[in-house]
Amino acid sequence: MSQSVKIQIKRVFKGENLNYNLGIIEGLNLYVMEVTDTTGFIMGIPGETSKEKPATAVFGITKEEFDLKDSDVSKLDDLAFELMHKIPQDRIIAENNLRKDGREETIDNGKYASEKVADLEEQKKKIMGESAERAKKLIGEMFKNEEAWYIYTKGAGNMLPTIDNSGAAQIFTKEEYANAVVEKAPEVPLAVGKLDKKHLGAFFSNLFRYGILRLKVDMLQPGGGEAARDDVANMGQLKEYMLTNSRCYSLMIRYLQAKQLLDKTNANLSSATLWSAFCKEFPKSLFFVPMCFEGEEGNVKDDYNIYFTEATVTKMRDEKPPVIGLEKYKPANGDGRRLKFITLKNSAAGDDKTFFPVFTDIGELKAVFGDKARICVITYNDLREKYVNCFAVVVNPASLNLIITDKGMENIEQEKEGPVKVYRLDPNAKKNESEE
């Protein structure tokens with residue numbers, strides 16, 4: 001049995017050819033029986049089963065069956081014999097060298113499966129609740145000590161925490177805890193960043209902006225925990241950011257991080273999958289862009305109004321995306337004046353390429369323009385219409401700096417419908433496998 005199983009009883013019956021172990025999977029309180037057949041005539045494969053290569057199966061059992069070890073071992077023998085002959089599918093946890101024929105769905109009309117599912121769900125809730133409480137306590141220590149550490153991916157923005165496949169980021173009470181996690185993942189160019197008193201609160205506010213769903217605290221440590229974002233961060237702090245695109249932001253972060261994987265094959269496949277997901281999300285998003293009206297010189301001071309294109313007003317009315325703190329939408333017609341969008345140039349590159357900047361929230365826009373630009377909210381279709389005279393679109397240039405060229409925009413247009421394409425390493429799997 002696995003090392004996580006605590007053996008309670010070992011028993012040989014029907015001669016040395018048949019035996020079983022009784023145990024508990026620790027942490028889950030899951031009762032199991034591992035039965036072994038070396039004959040090849042009961043549950044093994046004739047001609048292949050032997051003492052050197054026995055047929056084994058780990059079955060789930062009920063607590064009442066488990067307690068037979070203290071009251072009637074002969075009934076345990078009968079249960080083991082019945083499990084070996086019927087091999088009920090709803091009880092198999094692990095198997096090796098079993099025959100494929102003669103299996104049954106159940107030996108008790110599904111009673112075990114229904115009870116065990118409910119029991120495991122209850123245990124899972126309990127374990128998650130205890131983990132969340134530990135996480136919240138550790139986060140309280142971070143704020144008390146006014147310091148914490150987090151993990152980011154080199155080359156993908158040192159202020160952006162690494163987000164894993166479950167949508168979780170990691171934070172630590174001690175620097176050595178963070179370093180231990182980095183050392184465990186040599187295939188990813190991870191680094192450790194420190195949060196002082198000034199930046200600690202911003203980190204938790206940004207969980208919403210970045211689309212981070214969970215927070216893992218002091219991972220790999222005995223007292224570590226994990227909590228849902230909504231249990232440890234206050235969305236009320238975010239009104240200035242006017243959130244609309246947290247899932248899109250999360251996918252962009254993960255895409256840029258995947259491109260940094262040291263195994264280039266894995267990097268290409270992972271980033272291709274995330275780009276495919278991004279292609280579905282980007283056209284659904286709303287974007288904040290700097291604007292002025294014709295006749296105004298360059299960037300102008302924010303007049304504390306947020307303007308909306310006609311398409312955006314329709315989208316707000318029909319889809320009600322999560323824009324915080326707005327009750328009415330001022331149309332971007334400028335009282336008849338022509339609307340002008342502000343573009344950027346990369347002066348360091350020494351060329352005349354212009355970029356159409358779009359921002360996923362107001363915080364990102366103000367990181368570039370401060371309070372020196374009026375703000376307009378546009379849709380994906382507005383963007384496709386307005387960026388055409390620019391070299392490329394640049395998303396969140398102060399943080400992500402994700403550049404989307406004409407080719408990229410064409411690809412988004414082609415891929416925006418249908419399921420996400422998942423690219424896998426398994427050479428026997430299909431190259432492009434669809435996932436709803």
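The following legends describe close-up views of a predicted model.

Residues are numbered from 1 along each chain as its sequence is written, and side-chain values use heavy atoms, with hydrogens and water left out. Because the model is predicted, local features need pLDDT of at least 70 and side-chain atom pairs count only at pLDDT 80 or more, whereas totals for chains, interfaces and linings use all residues.

View 1. Strand β7 spans residues 168-172; strands (E, at least two residues) and helices (H or I, at least four residues) are DSSP runs, numbered from the N terminus. Five of the five residues of β7 are buried, so the strand is largely enclosed by the rest of the structure. Buried means under 20% relative accessible area, exposed over 50%, and partly exposed in between (1.4 Å probe, protein chains only). A168, Q170 and F172 point one way from β7, while A169 and I171 point the other way. Two strands pair if DSSP finds at least two bridges between them. With strand β6 (residues 148-153), β7 pairs in the antiparallel sense over two bridges, and W149 stands opposite F172. With β9, the pairing of β7 is parallel and extends over four bridges; L215 in β9 is the bridge partner of A169.

**View 2. Contact between helices α4 and α6.** The axes of α4 (residues 111-145) and α6 (residues 197-209) come within 9 Å and cross at roughly 145°. Axes are lines fitted to C-alpha atoms, for helices over the stretch in contact, and angles run from 0 to 180 degrees between N-to-C directions. I139, M142 and F143 in α4 meet L200, G201 and F204 in α6, where contact means heavy atoms within 4.5 Å. By class, this contact of α4 with α6 has five nonpolar residues, one polar residue and no charged residues. In this classification Ala, Val, Leu, Ile, Met, Phe, Trp, Tyr, Cys and Pro count as nonpolar, Asp, Glu, Lys and Arg as charged, and the others, Gly among them, as polar.

**View 3. Crossing of helices α9 and α13.** The axes of α9 (residues 264-281) and α13 (residues 406-415) come within 8 Å and cross at roughly 75°. The two helices α9 and α13 are therefore roughly perpendicular to each other (65 to 115 degrees; under 35 counts as roughly parallel, over 145 as roughly antiparallel and the rest as oblique). W275, F278, C279 and K280 in α9 meet G408, N411, I412 and E415 in α13. The residues of this contact of α9 with α13 divide into four nonpolar, two polar and two charged.

**View 4. Lysine K116 in helix α4.** K116 is located in α4 and counts as buried, because its relative accessibility is 11%. Not counting residues up to four places away in sequence, K116 touches L30, Y31 and I61.

**View 5. Phenylalanine F81 in helix α3.** F81 lies in α3 (residues 73-86) and is partly exposed, with a relative accessible area of 29%. F81 and F13 are 68 residues apart along the chain, and their C-alpha atoms are separated by 9.3 Å.

**View 6. Two loop residues with positive phi.** Most residues other than glycine have a negative phi. N109, in the loop between β5 (92-96) and α4, has a positive phi near 60°. At 80% relative accessibility, N109 counts as exposed. L220, in the loop between β9 (214-217) and β10 (225-228), has a positive phi of about 75°. L220 is also exposed, with a relative accessible area of 54%.
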